[in-house]
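Colleague: I have a model open and would like to go through it with you. Could we take it one question at a time?

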Amino acid sequence: MTATEPEVEAQPVGHVRVVYLGPSHPHWGIERIFGDNELIDEFAIRAQARLQYLPPRDPQFRRNRERVARDAEREGLILEWDLGYDEED
């Protein structure tokens, strides 16, 4: 049996916050905390496309939220959500 090297996490290249703006369109705002403007702008376009017409209580939101999270992970971004309520509700 061979010993495996522990996985080293790569340093994040950016940090974004996805904020629920309310029931009127647009529902979502994507705020850049730090990172490359171009990278985050491209991520924001993809995230907005997935979330555009979905309020956070919509069943489709959960699936699309996971897709946005995977996209952020692939890009090396820290992703933070502000839904305007505690998620335990």
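Colleague: Thanks! Is D71 buried or exposed?

Modeller: A word on the basis: this is a predicted model, in which local features need pLDDT of at least 70, side-chain atom pairs count only at pLDDT 80 or more, and totals for chains, interfaces and linings use all residues. Residues are numbered from 1 along each chain as its sequence is written, and side-chain values use heavy atoms, leaving out hydrogens and water. Buried means under 20% relative accessible area, exposed over 50%, and partly exposed in between (1.4 Å probe, protein chains only). With a relative accessible area of 8%, D71 is buried.

Colleague: Which residue meets D71 in a salt bridge?

Modeller: A salt bridge here is a side-chain nitrogen of Lys or Arg within 4 Å of a carboxyl oxygen of Asp or Glu. For D71 the N to O distance is 2.8 Å, and the partner is R46. R46 lies in helix α1 and D71 in helix α2, so the pair ties together parts 25 residues apart in sequence; helices (H or I, at least four residues) and strands (E, at least two) are DSSP runs, numbered from the N terminus. The partly exposed residue, at a relative accessible area of 32%, is R46.

Colleague: Which residues are joined with R46 into one network?

Modeller: R46 also meets E75 in a salt bridge, at 3.3 Å from N to O. E75 is in helix α2 and R46 in helix α1, so this pair ties together parts that are 29 residues apart in sequence. Through salt bridges that share partners, R46 is joined into one network with D71, R74 and E75.

Colleague: Is H15 buried or exposed?

Modeller: H15 sits in strand β1. Contact means heavy atoms within 4.5 Å, and beyond residues up to four places away in sequence H15 touches E31, R32, I33, F34, I40, L77, I78 and E80. Its relative accessibility is 14%, so H15 counts as buried.

Colleague: Which helix gives the most to the positive patch?

Modeller: Patches are made of residues with over 30% relative accessible area and no salt bridge, joining like charges within 9 Å and nonpolar side chains (Val, Leu, Ile, Met, Phe, Trp, Tyr) within 5 Å. Lys and Arg count as positive and Asp and Glu as negative, while His and the chain ends are not counted; each charge is placed at NZ of Lys, CZ of Arg, CG of Asp or CD of Glu. The positive patch on the surface gathers R50, R62, R63, R67 and R70. With four residues, the main contributor is helix α2 (residues 59-75).

Colleague: What area does the nonpolar surface patch have?

Modeller: Accessible areas come from the Shrake-Rupley method with a 1.4 Å probe, and for residues only the protein chains shown count as cover. Together, I33, F34 and I78 make a nonpolar surface patch of about 220 Å².

Colleague: Lastly, in what order do the elements run?

Modeller: The protein chain has two helices and three strands. From the N terminus on, they run β-β-α-α-β.
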